[in-house]
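Dear colleague,

I am handing over the structure below, and after it you will find some notes on what turned up when I went through it. Please read them alongside the model.

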Amino acid sequence: MRQPLPRLRATFSLMFCLVLAGCASTTGPTNALGYYWQSLRGHLQIMYAAEAIDDWVARKDIAPALRERLQMAQRARAFAVTDLGLPDNASYRRYADLKRPSAVWNVVAAPPYSLTLHTWCFPVTGCIGYRGYFTEADARAEAAELAAQGLEVEVYGVPAYSTLGYMNWAGGDPLLSTFIAWPEGDFVRLLFHELAHQVVYAKNDTLFNESFATAVERIGVAQWLATQSTPAARDAYATSEARRRAFRALTRATRTRLAAIYEQKELQALEVHALNAMKIEAMNTFRADYAALRARWLEAHEGTTPRATTAQVAGYDRWVAQANNASFAAQAAYDELVPAFEALFEREGRHWPRFYDAVRQLTQQPQPERHEALRSLLPDPQHLKETAGA
């Protein structure tokens, strides 16, 4: 049976969350206090709901599918330590049923003619390009305030978040019901992604941090599927990953086009109405190209690639329907530097400890220098030239 958190542990958890959320508000003390409170309450509710995976597995009323997934999670957690060199600590050894679709809802924002993310600054994490809320209503209220300031905004659900290892003494980050039922490959890669944040974290550099964790997840899940999984799971992941690669290529091309348009504004070469017309054309082209891509996914295939279902493309549909500068800029943070990190992994002989050491060394450099050092690892550094503000 789960025991209540000791009062001292709860108190220190509250203090940590206050520090983490420290300078979050840009709109006055009342909003700041409200943000602190929802952060504290939301995080502690998750911590309190979590129970040891062994206790869940031992329950007689647990669904067989959940028991099997939790047991697989234990194997993946051990694999993360032994094969990927990820931290051997308290995180992801407990499970919490949140009874909601997302762990938190993130708000991102960007100007109408820029791919530069609006940032919020915190004492522990530094300045980051998103702000998380434990209820969707609170996130949408924040988004409305930002939209009123003339920014383009997006609100999206997040299945998990990392406390960067700071809460391992209190039980660590738990597995959550928000992603426990994902297909095996997707479940495992998210687990590796969140653990990667506990290995290296560069303050004030969302692009670096998320690209690093994404590189770890992609390399790590490939190793897991090759050595620990079944042919069916490998095939399912290969199919979904092929869709992700095609979608990333489409959005990357659109980001490049938008960045070129917005650069003309910086050079004062275009008036606003002409700039807006070009932006609308780029977005219309993006949506038309996605419609064509989606149609190919849904077509019957005579070969080995299974036809996608409407449920499998629903997430892409939602993303495209609400896509704006904030959407594209946020996505860039998760994949813009991934090929460079993958190249660094190869340079270090595919040796995880050496790779992590090399990444840690990069964090000692100023942000522009570390980004340039990563890009220099690619055959054509211009391939990953940072889009305006991405």
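By class, the residues that line the second largest cavity comprise 7 nonpolar and 2 polar ones, with no charged residues among them. Please keep in mind that this is a predicted model, and that the cavity in question holds about 40 Å³ of space. Its lining is formed by V108, L117, G129, Y130, Y156, T206, A330, A333 and Y334, and the element that gives the most to this lining is helix α11 (residues 325-335), with 3 residues.

A search of the whole structure finds 2 cavities of 30 Å³ or more, and the largest cavity contains about 50 Å³ of space. Around the largest cavity lie H43, I46, Y92, A160, Y161, D173, P174 and L176, a lining that by class has 6 nonpolar, 1 polar and 1 charged residues.

I also looked at how two of the helices pack. Helix α7 (residues 206-228) and helix α13 (residues 352-363) pack with their axes 12 Å apart and at an angle of about 175 degrees; since angles over 145 degrees count as roughly antiparallel, α7 and α13 are therefore roughly antiparallel to each other. On the α7 side the contact is made by F208, F212, V216, I219, G220 and Q223, which meet W352, F355, Y356, V359, L362 and T363 in α13. Sorted by class, this contact of α7 with α13 has 9 nonpolar and 3 polar residues, and no charged ones.

With best wishes

Note on methods:
Residues numbered from 1 in each chain as written. Predicted model: local features only at pLDDT ≥ 70, side-chain atom pairs only at ≥ 80, totals over all residues. Heavy atoms only, no water. Axes fitted to C-alpha atoms, helices over the stretch in contact; angles between N-to-C directions. Helix = DSSP H or I, 4+ residues; strand = E, 2+ residues; numbered from the N terminus. Parallel < 35°, antiparallel > 145°, perpendicular 65-115°, else oblique. Contact = heavy atoms within 4.5 Å. Nonpolar A, V, L, I, M, F, W, Y, C, P; charged D, E, K, R; others polar. 1 Å grid on protein atoms, 1.4 Å probe; cavity = no way out; pocket = protein on both sides within 12 Å on 5 of 7 lines; lining within 4 Å. Points joined across faces, edges and corners; volume = space filled by probe spheres on them.
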